[in-house]
Amino acid sequence: MRRSTLVLILVVSIGGCVSQSHVQVPDKSYRPPIEKPAYPKGTGPVVCLDEAHFNFHTLDGRFWAFGELAKRDGFIVRASKRAFDDATLDQCDTLVISNAQPSDAEWDTYPYPTPSAFTREEISVVHRWVEEGGRLLLIADHMPLAGAASELAAAFDVKFNDGFAMPNLENASGLENSTPRPVTFQSADGTLRPHAIVRGRGDEKPIASVRSFVGQAFLAPRSAEPILVLPQNFVSLMPEKAWEFSAETKSISVDGWLQGAVMKVGSGRAAFFGEAAMFSAQRAGSAEVGMNAPGAEENYKLVLNVLRWLSGALEASEEDSAVPVDRGVLTPR
């Protein structure tokens, strides 16, 4: 690990994007336009946001903007405060899990590897529920949040990397700034992949770019449809304690790995994303983090279209599946 890479990490942690999580508050002034909601108000599918697993994001907290955006699109949004079982999931059409945690302990006190936030029984019931027609949106950020959700992701043959996905410093610039540099995924360079989620509905302008704010990288099976593909020269830094880096910190190349993908599972659907702030609108001091941030003006369209695709209101085309992806893909078990 070159010392220059360590400088990048210090810049990110000082910037207060994720490591200084206590200063993140919802931006309740954020209200992007929705000209044509997917459903009449209060008549859409029920979206349950998991709040039973020490979740970093809740409807009355850091995921306030997510819930309000979904409601304005006609979805019914509820908090789910019980462990996953048949009775709990029967109340939901779409289950959203964002940054579940194994406990409320400080991140740097978790053992390594990070323990699962879910029991084996919960993982089994969620997987079966999706196969039978349920809809799942699983969002897990950088370490230790990726590790906490990795066993649930693995049930769908998705491999979360419990690290920090960062641009390799050898090809980075602008590090004199004291704020983290978001990753920009663009249709123009292929990092934002062709898909119904990107195109939107027929009368809508396709999404040109999406931004994320320091997350993880993951691999997915060949049945998955990529949405966000990390650009070249990205690495994942994998310390044994979150935000504790040294010259010995393990790193691997993750260029071409994924930060967003969707798939059909039996009769159901699942979406996986490796960064959570892009689905939120938050303030960290004077900084804006999420859908409200500069350069993330189209993020809210991604959020809406992911929920619409999960509900069946958007469908992929044959052209989408024909676009090749060379990396970021696992051979199914």
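Student: Is F66 buried or exposed in this one?
Tutor: F66 is buried, with a relative accessible area of 0%, and please keep in mind throughout that we are looking at a predicted model.

Student: Which aromatic residue does F66 pair with, and what is the geometry?
Tutor: The partner of F66 is F63, and the two rings are stacked, with 4.9 Å from centre to centre and 20 degrees between the planes. F63 has 0% relative accessibility and therefore counts as buried as well.

Student: How many aromatic pairs turn up in the whole structure?
Tutor: A search of the whole structure gives eight aromatic pairs. Another of these involves F273 and F279, whose ring centres lie 5.1 Å apart with the planes at 75 degrees, so that pair is edge-to-face. Both F273 and F279 are buried.

Student: Back to F66, then. Which residues meet where α2 and α7 come together?
Tutor: On the α2 side F66, L69 and A70 take part, and they meet Y300, V303, L304 and L307 of α7. By class, this contact consists of seven nonpolar residues, with no polar and no charged ones.

Student: At what angle do α2 and α7 pack, and how far apart are their axes?
Tutor: Helix α2, which covers residues 64–72, packs against helix α7, residues 299–311, at an angle of about 60 degrees, and the axes are 10 Å apart.

Student: Changing topic: where is T184, and what is it in contact with?
Tutor: T184 is in strand β8, which spans residues 183–186. Once its neighbours within four places in sequence are left aside, T184 is in contact with T191, S209, V210 and R211. Of these, V210 is 26 residues from T184 in sequence, yet the two C-alpha atoms are 5.8 Å apart in space.

Student: And what is the accessibility of T184?
Tutor: T184 has 24% relative accessibility and so counts as partly exposed.

Student: Zooming out, how many helices and strands does the protein have?
Tutor: The protein has eight helices and 18 strands. Of its 333 residues, 56% are buried.

Student: What share of the contacts comes from residues 24 or more positions apart?
Tutor: Among contacts with a separation of 6 or more, residues 24 or more positions apart account for 78%.

Methods: Residues are numbered from 1 along each chain as its sequence is written. This is a predicted model: local features need pLDDT of at least 70, side-chain atom pairs count only at pLDDT 80 or more; totals for chains, interfaces and linings use all residues. Side-chain values use heavy atoms; hydrogens and water are left out. Axes are lines fitted to C-alpha atoms, for helices over the stretch in contact, and angles run from 0 to 180 degrees between N-to-C directions. Helices (H or I, at least four residues) and strands (E, at least two) are DSSP runs, numbered from the N terminus. Contact means heavy atoms within 4.5 Å. Ala, Val, Leu, Ile, Met, Phe, Trp, Tyr, Cys and Pro count as nonpolar, Asp, Glu, Lys and Arg as charged, and the others, Gly among them, as polar. Rings of Phe, Tyr and Trp (its six-membered ring) pair if their centres lie within 6.5 Å; planes under 30 degrees apart count as stacked, over 60 as edge-to-face and the rest as tilted. Buried means under 20% relative accessible area, exposed over 50%, partly exposed in between (1.4 Å probe, protein chains only).
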